[in-house]
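The points are grouped by topic.

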Amino acid sequence: MARELNLVMVFFLVFVFTAENHVTKISEAPSPQPQYNSTTSNHYMRGITEGSLRPEECGPRCTTRCSNTQYRKPCMFFCQKCCATCLCVPPGTYGNKQVCPCYNNWKTKRGGPKCP
């Protein structure tokens, strides 16, 4: 009986040590970056970096930026205000603000984001 108990303990310890060696560590995934198609023209890429837009190009960029919101008027107002100052509008309808620091860092009096 004692021999069987010792044998079970040995198998248990071997199992624990081998399972411990096979534990994988979970690492944090990198933050998503905007992806651009290689066939995209330079015209589309223009305006993504800060200061690369001309003031007259803000309207179409903000129309695209605000196309997916139910608050279109305020979105367009603040997007055009931010674009006039930063000369940049992030790509897409939401997020991607990291490509335009001025647009991303402009805050309201309460500390919320000013630019949509």
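**Briefing**

Phe-78 is partly exposed, its relative accessible area being 31%; buried means under 20% relative accessible area, exposed over 50%, and partly exposed in between (1.4 Å probe, protein chains only). This is a predicted model, in which local features need pLDDT of at least 70 and side-chain atom pairs count only at pLDDT 80 or more, while totals for chains, interfaces and linings use all residues. Residues are numbered from 1 along each chain as its sequence is written, and side-chain values use heavy atoms, with hydrogens and water left out.

**Confidence**

- The chain has an average pLDDT (the predictor's confidence in each residue, from 0 to 100) of 76, and 58% of the residues score at least 70.
- Residues 36-43 have a pLDDT below 50, and this stretch has eight contacts in the model beyond near neighbours in sequence; contact means heavy atoms within 4.5 Å.
- Where pLDDT is low, the predicted coordinates should not be read in detail.

**Aromatic rings**

- There is one aromatic pair in the structure.
- Phe-77 and Phe-78 form this pair edge-to-face, with 5.0 Å from centre to centre and 85 degrees between the planes.
- Rings of Phe, Tyr and Trp (its six-membered ring) pair if their centres lie within 6.5 Å; planes under 30 degrees apart count as stacked, over 60 as edge-to-face and the rest as tilted.
- Over the ring of Trp-106 sits the charged end of Lys-114, 5.7 Å from the ring centre (NZ of Lys or CZ of Arg within 6 Å of the ring centre and within 35 degrees of the ring normal).

**Nonpolar core**

- The largest nonpolar core has 15 residues, of which Cys-62, Cys-79, Cys-83, Val-89 and Tyr-103 touch the most other members.
- Helix 3 (58-65) and helix 4 (72-86) each supply at least two residues of this core, and helix 4 gives the most, with six.
- A nonpolar core is a set of buried Ala, Val, Leu, Ile, Met, Phe, Trp, Tyr and Cys residues joined through side-chain atoms within 4.5 Å; helices (H or I, at least four residues) are DSSP runs, numbered from the N terminus.
- Beyond its neighbours within four places in sequence, Cys-62 contacts Met-76, Cys-79, Gln-80, Cys-83 and Val-89.

**Salt bridges**

- Two salt bridges are present, each a side-chain nitrogen of Lys or Arg within 4 Å of a carboxyl oxygen of Asp or Glu.
- Arg-54 bridges to Glu-56 at 3.8 Å, N to O, and to Glu-57 at 3.5 Å between the closest N and O atoms.
- Salt bridges link Arg-54, Glu-56 and Glu-57 in a network.
- Glu-56 is exposed at 56% relative accessible area, Arg-54 is partly exposed at 42%, and Glu-57 is buried at 14%.
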